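Please report on the pockets and salt bridges of this protein. Keep it short and give the cut-offs.

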Amino acid sequence: MIKLIATDMDGTLLDSEGKLPDNFLNIIEMLSDKGIKFVVASGRPYTNLKKVFKPVYKELDYICDNGAFVVEKSTVSDINIINKELVRDIIKTTSNKSNIAILLCGTKSMYHLPCSDELMEEINKYYVDKMELEDLLSVEDDIFKISICDLSGAKENSYPEFDDKYGDGLSVVVSGKVWIDITNKDVNKGNALEKIQKALNISYEETMVFGDFYNDVEMLQKAYYSFVMENANEDMKQYGNFVAKSNHENGVVHAIENYVLKEIS
């Protein structure tokens, strides 16, 4: 019996306009009534996710910022802070690059430099509470994730350079078509999910996971019922035991209805 469900957001649960399926809050209530834990696992920050799930957000657990910031039972249970000197070095690396924005995610706020309208539009999709500064080196905060928005294409353009320079000491992952996320080594959705599984004594066989992108790989490996979305890149399909319908077809809802709710109705 499935006891825990974890899902990615963008390209997975949300449609192309960033909206939840129409009946999804009802699905959450049904799962809660059956004692099934529901975990939101995203590269998005907690402030954004709370707004998406506003009517029921206190009922859920959250693996935020690709595992760097975890909230369980409305309480922050884990924050993984990056070494300040590494943060400063990454800021300097991005200083001379065009068409790129760097965002520092800290315990007090999120910080970015002035940037183009196009970059700002992309940042605003995911980050609500943030500060625009003229100098990121002046930030006095504990940083747990560095996000880089690259409008030229994250995987092809900036990822190889950042992974080559920082990949030995940090986790550098492509989290979207124009996004790279940098966190401490071994910080990922999968390790965060495993901690929740152990705390609740929930097994691999009792876990269902949905994902569509490279920052979901480790999480997909923590569940027998691992679903990669039909709309995912073809090279992602190898990481799931099942393929769900696309996010445009409410694939997450369809799989939950067929593999979970039918079994317990």
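K97 is partly exposed, at 24% relative accessibility. Partly exposed here means between buried (under 20% relative accessible area) and exposed (over 50%), with a 1.4 Å probe and protein chains only. E161 is also partly exposed, with a relative accessible area of 36%. K97 and E161 form a salt bridge, and their closest N and O atoms are 2.8 Å apart. A salt bridge is a side-chain nitrogen of Lys or Arg within 4 Å of a carboxyl oxygen of Asp or Glu. K97 sits in the loop between α4 (84-94) and β6 (100-106), and E161 sits in helix α6, so the pair ties together parts that are 64 residues apart in sequence. Elements are DSSP runs numbered from the N terminus: helices are H or I with at least four residues, strands are E with at least two.

This is a predicted model; local features need pLDDT of at least 70, side-chain atom pairs count only at pLDDT 80 or more, and totals for chains, interfaces and linings use all residues. Residues are numbered from 1 along each chain as its sequence is written, and side-chain values use heavy atoms, with hydrogens and water left out.

**Salt bridges**

The count comes to 18 salt bridges. Side chains of opposite charge can pair when their charged atoms come close.

K3 pairs with E206, with 3.2 Å between the closest N and O atoms. This pair links distant parts of the chain, 203 residues apart: K3 is in the segment before β1 (4-7), and E206 is in the loop between α7 (189-200) and β12 (207-211). K3 is partly exposed, at 36% relative accessible area. E206 is buried, at 18%.

K189 and D8 also meet in a salt bridge, at 2.9 Å from N to O. K189 is in helix α7 and D8 is in the loop between β1 and α1, so to speak of distant parts of the chain: they are 181 residues apart. K189 is buried, at 0% relative accessibility. D8 is buried too, with a relative accessible area of 5%. Salt bridges that share partners join D8, K189 and D216 into one network.

**Pockets**

A pocket is found on a 1 Å grid over the protein atoms alone: it is an open set of points where a 1.4 Å probe fits, with protein on both sides within 12 Å along at least five of seven lines, and lining residues have an atom within 4 Å of a point. Grid points are joined across faces, edges and corners, and a volume is the space filled by probe spheres set on the points.

| Pocket | Volume | Lining by type |
| Largest | about 770 Å³ | 7 nonpolar, 13 polar, 12 charged |

α5 gives the most, with 3 residues.

The second largest pocket is lined by 16 residues, and V172, V173, V174, Y214 and E218 lie nearest its centre. At least two lining residues each come from α6 (154-166), β10, β11 and α8 (217-220). β10 supplies the largest share of this lining, 4 residues.

Terms used:
Nonpolar A, V, L, I, M, F, W, Y, C, P; charged D, E, K, R; others polar.
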